[in-house]
Amino acid sequence: MKSIIFLGAPASGKGTHSSLLAENLGYIQISTGNLLREISTQNTELGQKIKNIIASGELVDDESVLSLLKNKLNDIAGKPFILDGFPRNLNQTKQLSVILDDLKVEYIVIYFNIDEDLCRKRITGRITCPCGKSYNMTTKFLPKKEGICDSCGQSLQKREDDNEEAFNKRFALYIKNTEPIIDYYQKENKLVVIDANTTETRSCEDIYQEIIEVINDKY
Ligand SMILES: [Zn+2]
């Protein structure tokens, strides 16, 4: 199996499908968000540095994220992975390519193309768990027990910046940063675009099946 990079707006379904593929096909899920959270609990120089950056609300610099990612890729020693939520800008994209080429990783990039309106609806109704799982008040992705995570039992929270105004800003920035990444992977001939919009006639399961087809065609 080739490894996969998932690109897509927040709430485009990347996390859900990455979990399903990990469960069903044995991919290793790599999220830079989780890597950063993990390292920030460690009592090392890098761990403390990252903890402080996160606490101050700043973004962690590309170099630190890439070095964490490189360590993780070395740890998993060639097993196929899904990278979710990274790269986020063109600089990261180019540097990631160098790392993946050095490690001789074969991969494709799947872009979850989603309409802004659907994305807004999902984000403003979203409640999340500290473990990373998210639910939605406006859809059928509700927890079994109100306010409690199905997977780990922790309390669910609504993120302060999951409101409409913050969303509009974030989405515009997301598009601005992502377009050059899409162009880059298109030129590299690695990009597959998936229609990530769920509708009355198009379920999450339909999208999952399309991803499976993409994987089978390409592998
Ligand atoms: Zn949880």
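## A tour around strand S3

The coordinates are a predicted model, in which local features need pLDDT of at least 70 and side-chain atom pairs count only at pLDDT 80 or more, while totals for chains, interfaces and linings use all residues. Residue numbers start from 1 along each chain as its sequence is written. Strands (E, at least two residues) and helices (H or I, at least four) are DSSP runs numbered from the N terminus.

**Strand S3 and its partners**

Next, select residues 3-8, strand S1. Three bridges join S1 to S3, and these strands also run parallel. Here isoleucine 5 stands opposite leucine 83 of S3.

Now show the side chains of S3, residues 81-84. In a regular strand, side chains alternate between the two faces of the sheet. Phe81 and Leu83 point one way from S3, and Ile82 and Asp84 point the other way. All four are buried, that is, 20 or more other C-beta atoms lie within 10 Å of the residue's own; 12 or fewer makes a residue exposed, anything in between partly exposed, and C-beta atoms are placed from the backbone.

**The loops on either side of S3**

Step back to alanine 77, in the loop between helix H4 (62-76) and S3. Its phi is near 45°, a positive value in a residue other than glycine. Alanine 77 counts as exposed because it has 7 C-beta neighbours inside 10 Å.

Then go past S3 to proline 87, in the loop between S3 and helix H5 (90-102). Select phenylalanine 86 with it: the peptide bond from phenylalanine 86 to proline 87 is cis, with omega near 0°.

**Helix H5**

Continue to lysine 94, which is found in helix H5. Lysine 94 is exposed, with 12 C-beta neighbours inside 10 Å. Draw a distance from its C-alpha atom to that of glycine 132, 38 residues apart along the chain: the separation is 27 Å.

Finish at asparagine 189, in the loop between helix H7 (164-187) and strand S7 (191-195). Asparagine 189 has a positive phi of about 65° although it is not a glycine. It is exposed, with 8 other C-beta atoms within 10 Å.

Note on methods. Pairing = 2+ DSSP bridges.
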